[in-house]
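The sequence and the structure are shown first.

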Amino acid sequence: AEPAPPPEAEVLTRLAEFANESRFTEAAAYLETLPGDPPGASRGALLAIVKSAAAFVSDIATDLSKAPFTGELQLKDGEVVTTVSIASDGALTTTSANGEGRSRAWSDFPPDALIAMHRVLVRNPGGETERLQRHERAIAFDWLVGNRERALGAAAKLSGSSPDFKQRWESLAEGLPD
């Protein structure tokens, strides 16, 4: 007999662990190894969320490569930083209020810090389509690893102003656990 897929809660816990460490490729690979859809969810919908969340982080990296982010962010270790920049090789650096620079990993940033950065960086998007796409990716990231209530609220709000998004989100939401 085929092995049964793990319960949805276990799948979501594993995905959140990968996403918290910005290991989205591994999260996608994990989903692809499941013997089937976990009860109450579809692998396709979860994979779409993981890929969007990965794109969300890569969008922030692209923005940082153009200009550093300035603003207060609290990292997972409790340190408050005032600048985040990225080098051409992808190395992240933060500067604290006292001017001390440190090299960082994406996994040092809690989801809330990344969402906060996104909110500032997305103010200068390349146009309506790009802005919409970026909000969609932020919602996927927040749903996966951040604050699911906030993500669903943002999805409802965006659905009200974008019929395209509403259609995509509703078809995706059918395959997501409640």
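Two residues are in contact here when heavy atoms of each lie within 4.5 Å. The model is a predicted one.

**The nonpolar core**

The largest nonpolar core comprises 52 residues, and M117 and L144 have the most contacts inside it. Helix 3 gives the most to this core, contributing eleven residues. Which residues does M117 touch, leaving aside its neighbours within four places in sequence? M117 is in contact with I60, L64, F69, L73, V84 and F109.

M117 belongs to helix 4, residues 111–121, where P111, A113, L114, I115, H118 and L121 are buried along with M117. An α-helix has 3.6 residues a turn, so residues three or four places apart point the same way.

**Two helix pairs**

Two packed helices are described by the angle between their axes and the distance between the axes.

| Pair | Angle | Distance between axes |
|---|---|---|
| Helix 4 and helix 5 | about 170° | 10 Å |
| Helix 5 and helix 6 | about 155° | 7 Å |

With an angle of about 170°, helix 4 is therefore roughly antiparallel to helix 5. On the side of helix 4, the contact is made by P111, L114, I115, H118 and L121, and on the side of helix 5 by R134, H135, A138, F141, D142 and V145. By class, this contact of helix 4 with helix 5 has seven nonpolar, two polar and two charged residues.

Helix 5 and helix 6 are likewise roughly antiparallel, because angles over 145 degrees count as such. Their crossing is left-handed. Helix 5 supplies L132, H135, E136, I139, D142 and W143 to the contact, while helix 6 supplies R148, R150, A151, L152, A154, A155 and L158. This contact of helix 5 with helix 6 has eight nonpolar residues, one polar residue and four charged residues.

T13 lies in helix 1. Is T13 buried or partly exposed? Its relative accessibility is 44%, so T13 counts as partly exposed. T13 and V145 are 132 residues apart in sequence, and their C-alpha atoms are 9.3 Å apart in space.

Technical notes: Residues are numbered from 1 along each chain as its sequence is written. This is a predicted model: local features need pLDDT of at least 70, side-chain atom pairs count only at pLDDT 80 or more; totals for chains, interfaces and linings use all residues. Side-chain values use heavy atoms; hydrogens and water are left out. Buried means under 20% relative accessible area, exposed over 50%, partly exposed in between (1.4 Å probe, protein chains only). Helices (H or I, at least four residues) and strands (E, at least two) are DSSP runs, numbered from the N terminus. A nonpolar core is a set of buried Ala, Val, Leu, Ile, Met, Phe, Trp, Tyr and Cys residues joined through side-chain atoms within 4.5 Å. Axes are lines fitted to C-alpha atoms, for helices over the stretch in contact, and angles run from 0 to 180 degrees between N-to-C directions. Angles under 35 degrees count as roughly parallel, over 145 as roughly antiparallel, 65 to 115 as roughly perpendicular and the rest as oblique. A crossing is left-handed if the near helix is turned anticlockwise from the far one by less than a right angle, and right-handed if clockwise. Ala, Val, Leu, Ile, Met, Phe, Trp, Tyr, Cys and Pro count as nonpolar, Asp, Glu, Lys and Arg as charged, and the others, Gly among them, as polar.
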